[in-house]
Amino acid sequence: MAELCPLFSGSTGNSYYIGSKSSGILVDIGRSCKQVTTVMQRCGIDPLSVQGILITHEHSDHISGLRVFASKYHIPVFASKGTLGALESMGILNDNYPAYTIEDTLELAGMHVNAFRTPHDCAESFGYRIEAEDGHTVTVATDIGHITPEVEENLHGTDLAVIESNHDIGMLRTGPYPYSLKRRILSDFGHLSNTACADLLPELFEDGTKHFFAGAFEPREQHAGHCAADRRLRHADGGRGECGGLHIAGRAD
């Protein structure tokens, strides 16, 4: 049975392992090869188990360990045409590992991968819905400025959803960040707010999703965002005990 192991999440780096101890997929690798390898081994996962790396987009907190890790273990990399073009121009791609464009779907590590477009300020970002051999699904949708119909379609009915919950709008507006960064984060191609995430979770729960991981939390906003979303899920569950709860994808800082 495939499982999700959130290795890193947040502005300092993002990476998720999906699969079994013997075979699986990495979604993004936004920390160094050494850091990712160390955390994988702590989780009982051999880096040689990774059959492929899915990249959501080219921002550094999603690809900083890619070149070294993929080169060291000769692991194929998969991403959109736009993302691969950006990685090529950044000097990330090399002859030590193959890189392939994903059109829509892919069979990898015994799992079916469906790629879908996400709204973010980069070349061409993707989210991924991954179905294991037993039919269970995991959907990763992080770094999304807003919920598009395509994003929502791929989240609905999934067994486990990794969805962005990045910021409290009020705290961001009154916080210390430069105005240009605040405007970027709040835009439709920036990052999903805690409120937007919390509004969506009960809808996903009613459609069958029972397990949730909130990704890309920033530390100072983590508690408030988690509480708001958790309250909405508990209300939707109505005391039935069907919801597996909302978990915060780990930051290993």
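What we have is a predicted model, where local features need pLDDT of at least 70, side-chain atom pairs count only at pLDDT 80 or more, and totals for chains, interfaces and linings use all residues. Residues are numbered from 1 along each chain as its sequence is written, and side-chain values use heavy atoms, with hydrogens and water left out.

Let's start with the rings. Rings of Phe, Tyr and Trp (its six-membered ring) pair if their centres lie within 6.5 Å; planes under 30 degrees apart are stacked, over 60 edge-to-face, and the rest tilted. That rule gives three aromatic pairs. One of them joins Phe69 and Tyr73, a tilted pair with 4.9 Å between centres and 55° between planes. These two sit four residues apart in helix H3 (residues 66–73), so about one helical turn separates them. Helices here are DSSP runs (H or I, at least four residues), numbered from the N terminus. Phe69 is buried, at 0% relative accessibility, and Tyr73 is buried too, at 18%; buried means under 20% relative accessible area with a 1.4 Å probe, protein chains only.

Now, which helix meets H3 through Val68, Phe69, Lys72 and Tyr73? That is H1, which contributes Cys33, Val36, Thr37 and Met40, contact meaning heavy atoms within 4.5 Å. The axes of H1 (residues 33–42) and H3 come within 8 Å and cross at roughly 65°; axes are lines fitted to C-alpha atoms over the stretch in contact, with angles from 0 to 180 degrees between N-to-C directions.

So Phe69 and Tyr73 belong both to a ring pair and to the H1 contact. Thanks, everyone!

Definitions and conventions:
Buried means under 20% relative accessible area, exposed over 50%, partly exposed in between (1.4 Å probe, protein chains only).
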